[in-house]
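Here's a friendly walk through one protein structure, for anyone meeting it for the first time. Have a look at it, then read on.

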Amino acid sequence: MVTVDVQLHQDRAEQDLPQPRLVIGGKDVTDASGGVHEHLNPATGLVQAHIPLAGAAEVDRAVAAARQAFEVWGTMRPAERRRLLTRFAGLIRDRIPGFAAICPLENGVCVGGWAENVGPRVAEWTEYYAGWADKIEGMVGAAYSPHENVEYTLAEPYGVIGHIITWNSPALSLAMKVPPSLAAGNTVVIKPAESTPFSALLFADLAREAGIPDGVINVVTGLGDAGAALVRHPGVDKISFTGGPATARRIMADAALNLKPVVFELGGKSANLLFADTDLDTVVPYCAAFAMSNTGQGCALPTRLLVERPVYDEVVARVTGVVAHLPVGDPLDPTTYIGPLIDATARDRVQHVIDTAAETGAGRLVYGGEPIDADGYFVTPTVFTDVDNRSDLAQREVFGPVLAITPFDTEDEAVALANDTEYGLSAYLQSRDITRVNRLVPRLKAGTVYVNPGPNPITSPATPFGGVGISGFGREGGKAGLDEFIHVKGVGIARV
């Protein structure tokens, strides 16, 4: 039975959550035109904060503030931007416990697992891109025309970037988007989800403390109408969005009105290919637990486990054993691995997916499946085997603690199963045969392929991350992530 200390959650919310507000041009705004959202604690279902919501008026003010700040930030010496961003990263590192404290209250992330890694990841991404700020270069080419003396390029910022961040890991979403934007010389307007504004507020507070000029970072928490106003605004030069394909299609249509470029990271249905030559003692616990991390609310989690036939039955038994021992409960308890989903709608939707899969025979239910009677939004971790790869269970992103396992006989079959989806964000490969690894990696339809267990690789700031297919386009991370927020101007100087 899931147990939660309600009073502890209420006390911690009062102590650890930043004051709900918008941040526009360095000013705190507590009275906004979009109304007020009652923020419910996912573990208790109780109201713990009232969130002012931006409307079109606040978005307009935020964009104006960002445009004004761009005149300062965009023309600042790159070495000075690097110095300020490095100081910002240091303050984030000093406040790592603050990010960890926010996570369980904001969206139910377990403090003993995912949450304790959030602050270090935010600091790492900010440090990484701070280092890029004074290393952005153009190039000089040989004059092509006899009438030109020199040709060169300038790498310039776009101006104002609108960032619409995800709710399942808002601090990490901020870290993947905002530091490269700032390093390139852009200013930003951030729209968090109404259910997860607190990480963005702490982020903005630390930027202000670091000396980053007012208006460089603006926060306008809001509903879909605020997001639409941001996308359509003529003062916004590019949009970066993390979320689902349905919302992305609406954003793309709105951005098309001004032919505005976009970056999309849109989720996935990542396959994890497990071959018989791997070390099951190491690999199976990793595959089982990682698929359930953040209560399954991760776009790149390996939620489809494809297993080579000779070890299939053993792997199924071992995975079931691992999942059965993952503690479910209060996200403030450091021993808990699986906490609540973000809200009641998510809980009901995931439970419906489980019930439907069991009823239709999409797979064989071998663990979990039953609802949890609790005030918060909990779902039992669930494992299906012998899953039909054409079923909704295998083709649709569940975004909950549900793992689908399917057998394969040959490499070709494994690759075909892995690629047989509209998504293409990540893929995973478990094998000690490096020849096989090198043979299969190019064949997997995914933006990133991760080979064999290790520390969570998804959040490495040096590795480009993004998808193909309906998982989106554009990249976050590495030099590619910086280049998303730079446009190249060509210059040709004629002989005189």
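## A tucked-away asparagine

Let's start with Asn41, which sits in the loop between strand 3 (36-40) and strand 4 (47-52). Keep in mind that this is a predicted model. Asn41 has a relative accessible area of 0%, so it counts as buried, the cut-off being under 20%.

Next up is helix 7, which covers residues 198-210. From its first C-alpha to its last, this 13-residue helix reaches 19 Å, close to the 18 Å expected at 1.5 Å a residue. Just after helix 7 comes Gly211, which takes a positive phi of about 95 degrees.

How many residues of helix 7 are buried? The count is 10 of the 13, so the helix is largely enclosed by the rest of the structure. Among the buried ones are Phe198, Leu201, Leu202, Phe203 and Leu206, along with Ala200 and Ala210.

## Rings that meet

Now for the aromatic side chains: the whole structure has 10 aromatic pairs. Take Trp167 and Phe399, whose ring centres are 5.6 Å apart with planes at 80 degrees, so this pair is edge-to-face. The two come from distant parts of the chain, 232 residues apart: Trp167 is in the loop between strand 7 (160-164) and helix 6 (170-183), while Phe399 is in the loop between helix 13 (392-395) and strand 16 (402-408). Trp167 is partly exposed at 25% relative accessible area, whereas Phe399 is buried at 15%.

Phe290 and Tyr428 make another edge-to-face pair, 6.0 Å from centre to centre and with 80 degrees between the planes. This pair, too, links distant parts of the chain: Phe290 belongs to helix 10 (residues 280-292) and Tyr428 to strand 17 (residues 426-430), 138 residues apart. Elsewhere, a ring meets a charge: the charged end of Lys238 sits over the ring of Phe485, 6.0 Å from its centre.

## Charges that pair up

Side chains of opposite charge can pair when their charged atoms come close. A search of this structure finds 26 salt bridges. One of them joins Arg121 to Glu124, with the closest N and O atoms 3.6 Å apart. These two are three residues apart in helix 5 (residues 114-130), about one turn of the helix. Arg121 is buried at 18%, but Glu124 is partly exposed at 28%.

Asp483 and Lys479 also meet in a salt bridge, at 2.8 Å from N to O. Being four residues apart in helix 16 (residues 478-483), they are separated by about one helical turn. Asp483 is partly exposed at 36%, and Lys479 is partly exposed at 38%.

Finally, Arg21, Asp28, Asp205 and Arg208 are linked in a network of salt bridges.

Terms used. Residues are numbered from 1 along each chain as its sequence is written. This is a predicted model: local features need pLDDT of at least 70, side-chain atom pairs count only at pLDDT 80 or more; totals for chains, interfaces and linings use all residues. Side-chain values use heavy atoms; hydrogens and water are left out. Buried means under 20% relative accessible area, exposed over 50%, partly exposed in between (1.4 Å probe, protein chains only). The expected span of a helix is 1.5 Å times one less than its number of residues. Rings of Phe, Tyr and Trp (its six-membered ring) pair if their centres lie within 6.5 Å; planes under 30 degrees apart count as stacked, over 60 as edge-to-face and the rest as tilted. A charge sits over a ring if NZ of Lys or CZ of Arg is within 6 Å of the ring centre and within 35 degrees of the ring normal. A salt bridge is a side-chain nitrogen of Lys or Arg within 4 Å of a carboxyl oxygen of Asp or Glu.
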